[in-house]
Amino acid sequence: MTQNLTAPLIHRRTLIAGGAGLLLAGCDKVVQIPAARKILFAGEDMHRGLQRALSNRDALAPEFRPDQRSPFFRPNGTRDPGTPAYRAMQANNFADWRLRVGGLVATPLSISLPDLRRFPNRRQITRHDCVEGWSAIGQWTGPQLGTILKAAGIRDAARYVVFTCADLYGGQPYYESIDLVDAFHPQTILAWALNEAVLGVANGAPVRLRVERQLGYKHAKYLMSVDAVASLDGIGKGKGGYWEDNVDYDWYAGI
């Protein structure tokens, strides 16, 4: 009998979008149960390794027509950081906001919003799949993350990119990370516009990450800094992201 090697790779997008499976249908409640979290997010290393081995690393996530966009793009996670520092930036229309690009780079950068918009922009209409079981299709505009990293001169020792945000969880800035495969994926962008309008606060203003081959919790909002690092050791509790460290989510959330 021929073994189906792709069976373990039934990706979460199919489960979420199709509504099949009681587990994901009530995922917002299920993920609060430790035993269920272990089942839902088990096998991270195997899942990542198999998916990477059997798929084209540059394969694109599906893109859609303008008429297929969702009438309302539901915000995920924090709706408003609400900190004094963020409110001050918001009141000034983010004129004082700067994206710091550092870590293992030859030339650290401090990029204003107008400067970011002057980079070559990519527009893509993609589907956002949330671990809570909902999806939405939106058009995103922003420069490719790879373009920014090249401008900073990312060093050979770098293996991951860490994102630090303006919203606070437990008094500390929210954080996430991806590896260089996803960082240089053509659909991984720093989005400053949604559906042809400047990004609103609820959806991550002034800039959020779009990493279209992964689930929604990897798409960090309210970006403040991007750092190239050699290891995730010392980033939070060492698993590479807030939810990974605190709720046992997969670090690699590929779809």
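1. In strand β4, the residue that stands as bridge partner to I125 is Q139. Strands, like helices, are DSSP runs numbered from the N terminus, a strand (E) having at least two residues and a helix (H or I) at least four. Q139 has a relative accessible area of 8% and is therefore buried; the term means under 20% relative accessible area, with exposed meaning over 50% and partly exposed in between (1.4 Å probe, protein chains only). Apart from neighbours within four places in sequence, Q139 is in contact with R69, R123, Q124, I125, A193, L194, N195 and E196, where contact means heavy atoms within 4.5 Å.

2. The model is predicted: local features need pLDDT of at least 70 and side-chain atom pairs count only at pLDDT 80 or more, whereas totals for chains, interfaces and linings use all residues. Residues are numbered from 1 along each chain as its sequence is written, and side-chain values use heavy atoms, with hydrogens and water left out.

3. The average pLDDT (the predictor's confidence in each residue, from 0 to 100) is 84 for the protein, and 78% of the residues score at least 70. For residues 1-32 the pLDDT is below 50, and this stretch has 50 contacts in the model beyond near neighbours in sequence. Residues 40-44 also have a pLDDT below 50, with 14 contacts in the model beyond near neighbours in sequence.

4. In outline, the protein has ten helices and eleven strands. Of its 255 residues, 49% are buried. Among contacts with a separation of 6 or more, 71% are between residues 24 or more positions apart. The accessible surface is about 12,000 Å², and carbon and sulfur atoms account for 55% of it; such areas come from the Shrake-Rupley method with a 1.4 Å probe, and for residues only the protein chains shown count as cover.

5. Strand β4 belongs to an open sheet of four strands with antiparallel pairing, in the order β3-β4-β8-β9. Two strands pair if DSSP finds at least two bridges between them. At the edges are β3 (121-129) and β9 (197-198), each of which pairs on one side only. The antiparallel strands β3 and β4 are joined by nine bridges.

6. A hairpin is formed by β5 and β6, with two residues between the strands; G170 in the turn has a positive phi of about 60°. Seven bridges pair β5 (residues 160-169) with β6 in the antiparallel sense, and V161 is opposite I178 in β6. Strand β6 (residues 172-179) is mostly covered, six of its eight residues being buried.

7. The whole structure contains twelve aromatic pairs. Rings of Phe, Tyr and Trp (its six-membered ring) pair if their centres lie within 6.5 Å; planes under 30 degrees apart count as stacked, over 60 as edge-to-face and the rest as tilted. The pair F73 and W140 is edge-to-face because the ring centres are 5.2 Å apart and the planes lie at 90°. F73 is in the loop between α5 (44-54) and α6 (84-91) and W140 is in strand β4 (residues 135-143), so this pair ties together parts 67 residues apart in sequence. Both F73 and W140 are buried.

8. Y86 and Y222 are likewise an edge-to-face aromatic pair, 5.5 Å centre to centre with 80° between the planes. Y86 lies in helix α6 and Y222 in the loop between β10 (208-211) and β11 (223-229), so the pair ties together parts 136 residues apart in sequence. Y86 is buried at 1% relative accessibility, and Y222 is buried with a relative accessible area of 1%.

9. One aromatic cluster is formed by Y169, Y174, Y175, Y217, Y242, W243 and Y249.
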